[in-house]
Amino acid sequence: MRRVTPRIARLADIRGMSHRVIDRAEWVDYVAAFSRRHDGWLISVAVHEGSGPRRFVTRDVPLRGVVAELDDDISSMMVFTGDTTPHATHFVGHATALEVEETRDGADAALTITDESGARTILEL
């Protein structure tokens, strides 16, 4: 299980946010519930690889759902967005961690999916 780094914890404290790591056994149910709670909400999806800047995949589009697929060795997640059908999809292969950032009131602020290379896909609400 991936731990929240001291740097992330400090940033969370400054912004009044908390991070929670979601156990792999809970990914499927957690993202299904997250999808139901936030269906249609405008989100931005960014990818952060290494020490470079975040690269936005999309900005201010409706969330249509997040799906987790778990096998014994490989986990993947798909993020569905947009108003049209078929919806735009962002695929994260070989996912290794799932974290949620919450406000002081416990409201979801962001969902972060980390893959085996360390790249993080961030869904900002």
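Colleague: Which residue is the bridge partner of Ser44 in strand 8?
Modeller: Glu124 is the bridge partner of Ser44. The model is predicted: local features need pLDDT of at least 70, side-chain atom pairs count only at pLDDT 80 or more, and totals for chains, interfaces and linings use all residues. Residues are numbered from 1 along each chain as its sequence is written, and side-chain values use heavy atoms, without hydrogens and water.

Colleague: What makes strand 2 and strand 8 a pair?
Modeller: Strand 2 (residues 42-48) and strand 8 (residues 120-124) share five bridges, in the antiparallel sense. Pairing takes at least two bridges found by DSSP, so these strands qualify.

Colleague: How many helices and strands are there?
Modeller: The protein chain has two helices and eight strands. These are DSSP runs, numbered from the N terminus: helices are H or I with at least four residues, strands E with at least two.

Colleague: Why are strand 1 and strand 5 called edge strands?
Modeller: The eight strands make an open, antiparallel sheet in the order 1-6-7-8-2-3-4-5. Strand 1 (18-21) and strand 5 (88-92) each pair on one side only. From one strand to the next, the twist averages 30°.

Colleague: What lies across the strands, and at what angle to strand 3?
Modeller: Helix 2 (residues 27-38) lies across strands 1, 3, 4, 6 and 7, and runs at about 140° to strand 3 (55-70). Axes are lines fitted to C-alpha atoms, for helices over the stretch in contact, and angles between N-to-C directions run from 0 to 180 degrees.

Colleague: Why is Ser76 called buried?
Modeller: Ser76 has a relative accessible area of 9%. Buried means under 20% (exposed is over 50%, partly exposed in between; 1.4 Å probe, protein chains only), so Ser76 counts as buried. Ser76 lies in strand 4 (residues 75-81). Leaving out residues up to four places away in sequence, Ser76 touches Val67, Ala68, Glu69, Phe91, Val92 and Gly93; contact means heavy atoms within 4.5 Å. Of the chain's 125 residues, 41% count as buried.

Colleague: Which residues touch the most other members of the largest nonpolar core?
Modeller: In this core of 20 residues they are Leu98, Ile113 and Leu123. A nonpolar core joins buried Ala, Val, Leu, Ile, Met, Phe, Trp, Tyr and Cys residues through side-chain atoms within 4.5 Å. Beyond four places in sequence, Leu123 is in contact with residues including Ile43, Leu63, Val79 and Ile113.
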